[in-house]
Amino acid sequence: MGFHPDAWASFYLSHLLGYLGEFLALTGEKLNGAELVACGIATHYSLSGKLSWIEERLGQLMTCDPSVISGSWWERGKQT
């Protein structure tokens with residue numbers, strides 16, 4: 001892809017507030033999980049050490065209901 005954002009990145013970067021999208025596209029700056037949530041790009045993030053627990057927990061769910069899935073995620077967040 002070279003040094004420019006692909007088609008999807010062009011869409012979401014152009015919809016970020018202020019000049020953040022332009023800055024990210026032009027500089028290639030990387031954002032961490034907390035920054036992605038703060039900017040509205042992500043809704044959740046986790047440290048890589050917790051990914052196995054997340055995979056196990058999501059695999060045990062018997063629903064596609066977003067509120068149940070989100071509740072399961074935040075349940076873990078309260079424990080740490």
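What average pLDDT does the protein reach, and what share of the residues score at least 70? The average is 79, and 80% of the residues score at least 70; pLDDT is the predictor's confidence in each residue, from 0 to 100. This is a predicted model, where local features need pLDDT of at least 70, side-chain atom pairs count only at pLDDT 80 or more, and totals for chains, interfaces and linings use all residues. Residues are numbered from 1 along each chain as its sequence is written, and side-chain values use heavy atoms, with hydrogens and water left out.

**Fold and confidence**
- The protein has five helices and zero strands. Helices (H or I, at least four residues) and strands (E, at least two) are DSSP runs, numbered from the N terminus.
- Read from the N terminus, the order of elements is α-α-α-α-α.
- Helix α3 (residues 33-39) has the highest mean pLDDT of the elements, at 90. Helix α5 (residues 66-79) has the lowest, at 64.
- Where pLDDT is low, the predicted coordinates should not be read in detail.

**Surface and contacts**
- Of the 80 residues, 10% count as buried. Buried means under 20% relative accessible area, exposed means over 50%, and partly exposed lies in between (1.4 Å probe, protein chains only).
- The protein exposes about 6,400 Å². Carbon and sulfur atoms supply 62% of that area. Accessible areas come from the Shrake-Rupley method with a 1.4 Å probe; for residues, only the protein chains shown count as cover.
- Among contacts with a separation of 6 or more, 26% join residues 24 or more positions apart. Contact means heavy atoms within 4.5 Å.

**Cysteines**
- The disulfide count is zero. A disulfide is a pair of cysteine sulfur atoms within 2.5 Å.
- C39 is found in helix α3. C39 counts as partly exposed because its relative accessibility is 31%.
- Beyond its neighbours within four places in sequence, C39 is in contact with L16, L20 and L31.
- C39 and G21 are 18 residues apart along the chain, and their C-alpha atoms are separated by 9.9 Å.
- C64 has 74% relative accessibility, so C64 counts as exposed.

**Leucines**
- L17 lies in the loop between α1 (7-14) and α2 (20-27). L17 is exposed because its relative accessible area is 77%.
- L17 and G40 are 23 residues apart along the chain; their C-alpha atoms are separated by 9.2 Å.
- L58 is found in helix α4 (residues 51-60). L58 has a relative accessible area of 39%, so L58 is partly exposed.
- L58 and I69 are eleven residues apart in sequence, and 7.4 Å apart in space, C-alpha to C-alpha.
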